[in-house]
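Hello,

Here is the structure for you to look over. My notes follow below it.

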Amino acid sequence: MSTRSSAETRRASAPHASMFWRLLVRAAVRRRSRAISALLAMVVAAAAATAMLNLYVDVQAKLRKEFRSYGANVILVAKDNQTLPSDALRVVDATLAGRGLAVPFAYVVARTADGQPVVVAGTDFDQVRKLDSWWSVTAWPSSPAQALAGVRTEALINSQKGPFALTFQGRSIQLTSAGTVKTGAAEDSRIYLDLPGFEAWTGVQPSAIEVAVSGSAEEVAAIAAALAKALPDADVHPVRQIVEGQARVLGKMRSTLLATVVLIILTSALCVLSTLMGWVFDRRRDFAIMKALGASARMIYGFFAAEAAVLGGVGALLGFAVGVGAAAWIGRANFHAPVVPRFGVLPPVLLGSMAVALLAAIVPMWLLHRVEPATILRGE
Amino acid sequence: MFPRLVFESFRRQKRRKLLAGAAITLGVAVATAMIAVATDIGDKINRELRTIGANILVTPQEDTLDLEIGGVNLKPPSDGAYLDEADLPKIRGTFWHHNIVGFSPMLQVGVTAGDAKNIALLGTYFSKQLRFGKEDFVTGVRITHPWWKVDGDWPADDSQDVLLGERLAARLGLKSGDRVEFGGQEHRIAGVLSTGAAEDDQIIAPLNLAQRILGKPGAVRRIYVSALTKPEDALGRRDPKTMSGALYDRWYCSPYASSIAYQLQEAIPHSHAEQIRQIAQNEGTVLSRIEGLMLLVTLAALLSSALAVSAAMATAIFERRHEVGLMKALGAGNLSVAALFFAEAALLALGGGILGFAGGSLLARQIGRAIFDSQITIEPVLLPLVLAIAVIVTFAGSAVAIRRAVKFDPVYALRGEA
């Protein structure tokens, strides 16, 4: 306070803005270490909240992507053992509009040279590789004359990379085996061919399209319904085994994460509250001096509230940046894809931080305001 | 004198000690709950993943090639080899039998019901009571195929009742409670089955009924086994034939899908067991992602509760600089002041740590019960570990504040200018 007179005039009127800010800045600068430790607590809490909320929102999508490696979750099958219309795949791709992957399959039972029946399937190898990532394949076929043989058919076709013949309805074809496929399921007993070569040989069109739709259970159901409408000649059904299992695991994971998020946010909020309350309580002398110098209750409350709001705001912004970084790191370390920052998380973190800070300021003030300044200043 | 100082400090500053103690308790409780959940989540999610279906398939070793299209086997039922139903309970005698959640034998035959010719009839266990040695257990499709939904009742395994697939039921115009005739006998339809797959067009019957129609008592074509497995790593992917003795033992005693399949093959004569890669491979990926996520989240939670405890301790000590000033003015050395604070911090950490451990255990149990309908077990071994962490974190949080406190000039501290 430079001159007495100016102080007196200010005391009488509403507090001057520059004085107000000076008080605010000085309070922070003079007690640097206390202000920094309070701010640090705020930043840690806001960072934890941001990281957890970001993860909570993003992890569902990340895990759903992991579940896509289970392969098809919707299957279209031609009704009554017919084949699908020739434009079926195009219709499916148009309906999906990039939200999934569709792979056609055509099947016949052919006979080998010694008359053994074997299931031969025609498909699109490039798409199958993407859809059924669990297929353990020694070498993928690279030319139309090459086939992919299931491990259990190996003995049957007796191929040491040599050609073998298959016959279907009197038409035969010479093939070589590029490699074997092993899945532990029906694929092991089949021979796979590239679809154009298969169609040229057998004249049989695809009878099934396997579709891996990305998205939640509701989105999958919606796309299945749209597909059923677009292709009335086909039976469309979600693969309940996969869809239900996915929904179940994701649901449990979601609940676990939610419990974790609530726990962490609650703990950080309570710890920030206790730290800030200690800080404000510790400054009861400032409070008493202001009161003794005649500051109005409004001014004092305004001052402490503004201080708390600034602390909460700055802490939340810094914490948001740190938290986004932490979430991105967790995403990269675990899912090999960073968690995208969600700016929708910022407002709740900001408001929450400021609310906690204000609460931490108001509680001690409310406790102190009935106490005589003299009592506080005497150190009692 | 020293114990008295500590004791009086706790007695006279109840509010502050309570605040600091509460912060430690809360931090430790969250840390304990998170550690417990994170260590148990793998097991819990593994069990949830089993709802996606069996991950190991056992077939006869000398079987002829299957002719399976769209889940329907076109191979004549009399063709090929069979497994013996009497060997099934031996699955419970394998090394990893505790990891085997359930298994379902399957036998498919063709029947004619009314106008519909060549309907596939699938014989299986629904919820069959079996005995291995002195141990009774229940197994069947209700465990291994949880997505099968029945409108009506499940048939009993020793009855002649059947389930009708929903599409077949619609085609024949039958519903649960009706009777259907095939194989020269009338059977009650206990319920209508919906699976979203090939079974919707089939009749599902108790295994012994299918065996009788086929005329081969004890015959089983395949066994679907649902086992809790460990995600495959470099060792799990290796071929056991190429392994040396010690390595082979390690592989054999790890619950990989491949090693459990290998043991099933040993237990059931003339069988070939293979992991169903679609299920087994993918559940490994999903499991390791979820475990990794929980580990990292737990680390983040530990870090933030450690920082929160540190901040609370720093505040608690900072408030007491007057006291420090007084002690130093009365001639106390830096060492004895620091010792007093550290003793208090240790007491707070131990008290708060024990309370927090108890609270965290309760919390973890609640989480387990609410989300997974099963207990999350807490290893008592965790207690000393958690206490040690609590003491270290509290000391670390106090150290800076204590250093500052003992460096104050007592004069300034007492005048309240610090």
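Chain A of this predicted model has 13 helices and 10 strands. Buried residues make up 40% of the 380 residues in chain A. Take the contacts in chain A with a separation of 6 or more: 82% of them join residues 24 or more positions apart.

Now the interface. On chain A, 66 residues are in contact with 57 residues of chain B. Six stretches of chain A each give two or more residues to this side: helix 3 (32-68), strand 2 (100-112), strand 3 (117-123), strand 10 (234-238), helix 9 (240-282) and helix 11 (297-335). Helix 9 of chain A provides the largest share, 24 residues. By class, the side of chain A that touches chain B has 36 nonpolar, 21 polar and 9 charged residues.

Chain B next. It is divided into domain 1 (2-46 + 286-415) and domain 2 (55-275). The C-alpha centres of domain 1 and domain 2 of chain B lie 54 Å apart.

Last, confidence. Chain B averages a pLDDT of 87, and 99% of its residues score at least 70. For the complex, the predictor gives an ipTM of 0.82 and a pTM of 0.81.

Best wishes

Notes
Residues numbered from 1 in each chain as written. Chains lettered and ligands numbered in written order. Predicted model: local features only at pLDDT ≥ 70, side-chain atom pairs only at ≥ 80, totals over all residues. pLDDT = per-residue confidence, 0-100. Domains from an automatic or database assignment. Helix = DSSP H or I, 4+ residues; strand = E, 2+ residues; numbered from the N terminus. Buried ≥ 20, exposed ≤ 12 C-beta atoms within 10 Å, placed from the backbone. Contact = placed C-beta atoms within 7 Å. Nonpolar A, V, L, I, M, F, W, Y, C, P; charged D, E, K, R; others polar.
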